[in-house]
Amino acid sequence: MLSSPWDAAKHMESAAALAKELGNWNEVTDFYRRASELYMECGRPQPASDALAKAARALEDAMPEAAVQMYNDASAILEEDGKEQMAFDLYRAATSVYVKLEKYSDAASSLLQLGLAADKCNATNSQCKAYLGAIIVYLYAHDVKQAEKCYNDCSQVDAFLRSDQNRCASKLLSAYTEGDIEEIKRVVQSSTVSNLDHVVIKLARKLPTGDVSALKTDAGKEEEEPLDENDLT
């Protein structure tokens, strides 16, 4: 009523913190989201994003689906404001929640978004780590075709093409194609993998997750298919 959205937003955040203590998760969501809207009214995107991130952290265990949406909305606010670098941790947090929910395709997408955000602010190291992370997540879900597609798409980016992370991904995918379990286990113990985000390292160290020998058989079949002399296409 007094046309002071900044003060109103602060009070909404206090109300959200109390709702969190009481375990009223729907109110936590509503109050932090309202606080975020009020900060945007003041033209203050950073605290608006922070309010949603606080909500996401509060909701991670009780309402993970809502939490991940809050992380994504918080990232979007920062990106619209040209502050991509400040969104890195939000993408990492969203990835972690998606992994807990066993939504591996969404987890990989979140890492690819982090890579894109890193590209916009020339954070090459973060970008390459995110791309390798996405490939590892697809491999953990035993979606080798998607991992290969992801590798090929990311390799269009010159910075990734020349990176240690690219060489590591290439070795990993070759080991999968050859059905070489020992090589897979060796690559995931490398220092390149050890420098990735904790959630990705945990998945990497569990590779391979599916039947790798079947992949070798499939690859062999493709190579051995005889030429059909009648098929001139």
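Visitor: Is Asn122 buried or exposed?

Guide: This is a predicted model, in which local features need pLDDT of at least 70 and side-chain atom pairs count only at pLDDT 80 or more, while totals for chains, interfaces and linings use all residues. Residues are numbered from 1 along each chain as its sequence is written, and side-chain values use heavy atoms, with hydrogens and water left out. Asn122 sits in the loop between H6 and H7; helices (H or I, at least four residues) and strands (E, at least two) are DSSP runs, numbered from the N terminus. Buried means under 20% relative accessible area, exposed over 50% and partly exposed in between (1.4 Å probe, protein chains only), so Asn122, at 67% relative accessibility, counts as exposed.

Visitor: What value is phi of Asn122 near?

Guide: Most residues other than glycine have a negative phi. Asn122, a residue other than glycine, has a positive one, near 55°.

Visitor: And Ser3: what is its relative accessibility?

Guide: Ser3 lies in the segment before helix H1 (5-22), and its phi is positive as well, near 55°. Ser3 counts as exposed because its relative accessibility is 68%.

Visitor: Which peptide bond is cis, with omega near -5°?

Guide: Most peptide bonds are trans. The loop between H13 and helix H14 (212-224) holds Pro208. The cis bond, with omega near -5°, runs from Leu207 to Pro208.

Visitor: Let's turn to H5. How far does it reach from its first C-alpha to its last?

Guide: H5 spans residues 88-100, which makes 13 residues. The expected span of a helix is 1.5 Å times one less than its number of residues.

Visitor: Which helices do the buried residues of H5 pack against?

Guide: The buried residues of H5 include Phe88, Leu90, Tyr91, Thr95 and Tyr98. Contact means heavy atoms within 4.5 Å. The packing partners are helix H3 (45-59), helix H4 (64-80), helix H6 (104-120), helix H7 (124-140) and helix H13 (198-204).

Visitor: What is Thr95 in contact with, leaving aside its neighbours within four places in sequence?

Guide: Thr95 is part of helix H5, and it counts as buried because its relative accessibility is 1%. Once neighbours within four places in sequence are set aside, Thr95 touches Ala107, Ser110, Leu111 and Val199.

Visitor: What distance separates the C-alpha atoms of Val188 and Leu172?

Guide: Val188 is in the loop between helix H11 (181-187) and helix H12 (191-194), and it counts as buried at 2% relative accessibility. Beyond its neighbours within four places, its contacts include Leu172, Val193 and Leu207. Val188 and Leu172 are 16 residues apart along the chain, and their C-alpha atoms are separated by 7.9 Å.

Visitor: What is the angle between the planes of Tyr104 and Tyr140?

Guide: Rings of Phe, Tyr and Trp (its six-membered ring) pair if their centres lie within 6.5 Å, with planes under 30 degrees apart counted as stacked, over 60 as edge-to-face and the rest as tilted. The structure holds 4 aromatic pairs. One of them is Tyr104 with Tyr140, edge-to-face at 5.3 Å centre to centre, with the planes at 65°.

Visitor: Where in the chain do those two lie, and how many residues apart are Tyr104 and Tyr140?

Guide: Tyr104 is in helix H6 and Tyr140 in helix H7, so the pair links distant parts of the chain. Tyr104 is buried, with a relative accessible area of 17%, and Tyr140 is buried too, at 18%. Their separation in residues is 36.

Visitor: Which residues form one aromatic cluster?

Guide: Tyr131 and Phe160, both buried, belong to it. The cluster consists of Tyr131, Tyr151 and Phe160.

Visitor: Last topic: which helix gives the most to the lining of the largest cavity?

Guide: On a 1 Å grid over the protein atoms alone, a cavity is a set of points where a 1.4 Å probe fits but cannot get out, and lining residues have an atom within 4 Å of a point. The largest cavity has a volume of about 60 Å³, a volume being the space filled by probe spheres set on the points, which are joined across faces, edges and corners. Its lining includes Arg92, Leu111, Ser126 and Val200. H6 and H7 each supply at least two lining residues, and the top contributor, with 4 residues, is H7.

Note on methods:
On a 1 Å grid over the protein atoms alone, a cavity is a set of points where a 1.4 Å probe fits but cannot get out, and a pocket is an open set with protein on both sides within 12 Å along at least five of seven lines; lining residues have an atom within 4 Å of a point.
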